Amino acid sequence: MALPAPLPPTALFTACDPAGLGFETTETVEEIRQMVGQDRAVDAIRLGATMPMEGYNLFVLGPSGSGRHSFVRQFLAQQAAERPAAPDWCYVNNFEESHKPRALRLPAGRGVKLRDDVRKLIDEVLTTIPAAFEGDDYRTRRQTLERGFQEEQSQAFEAVQHYAEERGIRVIQTPTGFAFAPVRDGEVVGPEEFQRLPEETRKRIEADVEELGKQLQKAMEGTPRRVRKLRERLRELDREVAVFAVGSLVDDLLARYQDLPEVAAYVEAMRADIIEHVELFRATGDQRGAPAIPGGGEQQVTADGVARRYTVNLLVSNADAEGAPVVVEDHPAYNHLVGKIEHLAQFGTLVTDFHLIKPGALHRANHGYLVLDAHKVLTEPFAWTALKEALKSRCARIESLGQAYSLVSTVSLEPEAVPLDLKVVLIGERIVYYLLENLDPEFPELFKIAADFDDRMPRTPENERLMAQLLGTIARRDGLLPLDARAVARVIEESARDAGDSQRISASVRRAADVVREAHAIAAAAGAERVRAEDVDGAIAARTRRHARIRDRMQEAVLRGTILIDTDGERVGQINGLAVSQVGQLAFGHPSRISARVTVGSGKVVDIEREVELGGPLHSKGVLILAGFLASHYAPDEPLSLAATLVFEQSYGGVDGDSASSTELYALLSAIAGIPIRQRFAVTGSVNQFGDVQAIGGVNEKIEGFFDICRARGLTGEQGVLIPRSNVEHLMLRRDVVEAVERGEFAVYAVGHVDEGIAILTGLEPGARGDDGEYPEGSFHRRVRDRLRELAQRRREFAQKGEDRQ
């Protein structure tokens, strides 16, 4: 077969043509108005944001840095602007059950007016009621009632007094009550003198005293009734005065809110409570009375305390809103999500009232959109459960965790729940979405729309122009220098490298924006008027250098001979494999020596990495495929009779993936046939049982990793890398690698089958199996086949010797 030719430089890097972008600098580029390359996710977000049915909340999933957050905020802001403003919500006192405040809904802006109107009303009532009770008319009427009471009292006692005088008995008032004593000649008869009276007289006096006591008791028993009657008349008088004092004020307020039945009902209830508790207004500032905060105990009644009973707690105001609310809650703790009830310390105890009810994100986003970070919600205690409960019940209920989970038994407020009508948008990683989808049975019912942001987009001329618009928009919004067309082209090329595909662009807006900002810093330091391509190259090189400590340390170990890697000569059963490591933001490739040893055995290929539990399942799968390849190609009619071992030399960590399976196959075949492999090559690619070389990941980093070692030792023009042919379209190599290939100092070979790799690595013809099932003499495969037959013969000889001994 013909030896595969190295790839031309044009296949190693797909450049972006600055002329095709259609501008000289981004100063002339219009601001972008759409999301670049995310049509699937945008359509899903549009559907979820406009679906009015229950359960159509959104989960926006995808990689970080793809612009999910900024796009969702921008899109929802546009949608919200087309919707009417959300209503205001207030909490007011429930005069019948003060621990259950009532929630009132008002049109946007009228909550502020209600709060101010009620406060103004109470301020006027605090002045009007005391003035009415201090007027001459009220005093005259009150004095009349009190005189009537005194007259009734006097008449009752005068009747008793008159009865006593007729019988010669005087009524004497003592500190403990009343006493009776007989009188003679106007003087009270003493005890000794009373005993000297005739017995008949004493008995008559005693009978009169007893009768007098009964009459006095009867008169005394009527006193509470007369007191109650007086109090009722005074209360009715107070009520009549209070009604007169506040009637017109309340009627004026009521007229402003007749179109809101719930508000009107509250105003009527407030009128009744003011009249019922008019003593609060009379006692303001100088008497002790009912507490201003329900449950707060007896305290000094003040104007503010009385006003607090009636004024409005404006929970959510949308007076200045233009459209529906869009709330982004960055700290979705339980209290921040559902609201909380605060407390005040008074006289050594904690007290609260409806004014201390504070809204949560659910209240502020009601009738609009609430944006949350999924990971934060899930990691905040009780927040995820509270969010689901709110969405299922479609109402926001404010209660402390102690109440919700019966951790405390003290009586607290139980505010009326606020009905919810909102869209919740969760933003998170794909793994979070899939875990919730599989493990939380309620999640699919509550979040029916998934907006999946891709991590890359097709590299079409249209998307390149949109990418240029995006970069220009970022530069303009951040106050950066404009980028010329060549600089934009370099950023697009770097985005393709990030995507690991010459036909794709990375969707990581954050990384592209960071490169632009850092290139601006370099250009500004140089006094340039615009960002140039060399500024972008400088920013990319600086980013790589900042994160390359581990890469440089590993390359240093190879160059100093600590890690054994050959880049020239030939060795049997030894080959340079390629691996990729990710350290922080930097992915880099590095060579690893793979060796194979073969002896007589039962056909088992031993993966040493697996035996010591350093190999992952994918790597073990690749090694097992090698055994299938050997059996099908070289011993289809008889069992294999070898024992082979494969190992990554100087590997002290875990190994996984099958991207080195073709490399291991080359080493194994070399060890079987005793044919050396050229060490100036490094190989990557997985293989199947038919010998087809399959695509792998990180192809650019792997090539560059081996190139860096070869360049450091000196490029000879014979060194190179073998990659799968299906990876050619993924090549976006560094400029220095491409230039070395152009000069003939380095080569990249694309192979589709192991036969092509064998020809490059050994310089021998692989050989094709003839009709007789045999490979041509002198071919690579024939030598492998002959060696396997030799091992089988030796195994049979060993077996025969064993039988002879028996």
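Q: What do the buried residues of α1 pack against, and what makes this a contact?
A: In this predicted model, where local features need pLDDT of at least 70 and side-chain atom pairs count only at pLDDT 80 or more, while totals for chains, interfaces and linings use all residues, the buried residues of α1 pack against β1 (58-61), α2 (68-81), β15 (369-373), β18 (423-428) and β19 (449-452). A contact here means heavy atoms within 4.5 Å, and the helices (H or I, at least four residues) and strands (E, at least two) are DSSP runs, numbered from the N terminus. Residues are numbered from 1 along each chain as its sequence is written, and side-chain values use heavy atoms, with hydrogens and water left out.

Q: Which residues of α1 are called buried, and why are they placed on the same side?
A: Ala41, Val42, Ala44, Ile45, Gly48 and Ala49 are the buried residues in α1, a label that requires under 20% relative accessible area, with exposed meaning over 50% and partly exposed in between (1.4 Å probe, protein chains only). They cover an arc of only 160 degrees around the axis, and therefore lie on the same side of α1, where the arc is that of the directions from the helix axis to the C-beta atoms. The opposite face, turned away from the buried side, carries the exposed residues Asp39 and Arg40. An α-helix has 3.6 residues a turn, so residues three or four places apart point the same way.

Q: What is the order of the strands in the open sheet, and why do β10 and β19 count as edges?
A: The open sheet has five strands in the order β10-β15-β18-β1-β19, with parallel pairing, and two strands pair if DSSP finds at least two bridges between them. Because β10 (326-329) and β19 each have a single partner strand, one side of each is left without a neighbour in the sheet, and they stand at the edges. Neighbouring strands of this sheet are turned by 20 degrees against each other on average, direction ignored.

Q: What makes β1 and β18 a pair, and which helices pack on the sheet?
A: β1 and β18 are joined in the parallel sense over four bridges, which meets the requirement of at least two, and Phe59 stands opposite Leu426 in β18. On the sheet packs α1, which touches β1, β15, β18 and β19 and whose direction makes about 150 degrees with that of β19. Helix α15 (residues 430-439) packs on the sheet as well, touching β1, β18 and β19, with its direction at about 140 degrees to that of β1. For these angles, axes are lines fitted to C-alpha atoms, for helices over the stretch in contact, and values run from 0 to 180 degrees between N-to-C directions.

Q: Why is strand β2 said to be largely enclosed, and which strands pair with it?
A: Five of the five residues of β2 (residues 88-92) are buried, so the strand is largely enclosed by the rest of the structure. Asp88, Cys90 and Val92 point one way and Trp89 and Tyr91 the other, and all are buried. β2 pairs in the antiparallel sense with β3 (residues 102-106) over five bridges, where the bridge partner of Val92 is Arg102, and in the antiparallel sense with β9 (residues 313-316) over three bridges, where Cys90 stands opposite Leu314.

Q: Why does Phe382 count as partly exposed?
A: Phe382, in the loop between α12 (374-379) and α13 (383-393), has 38% relative accessibility and so counts as partly exposed. Its phi is near 70 degrees, a positive value in a residue other than glycine.
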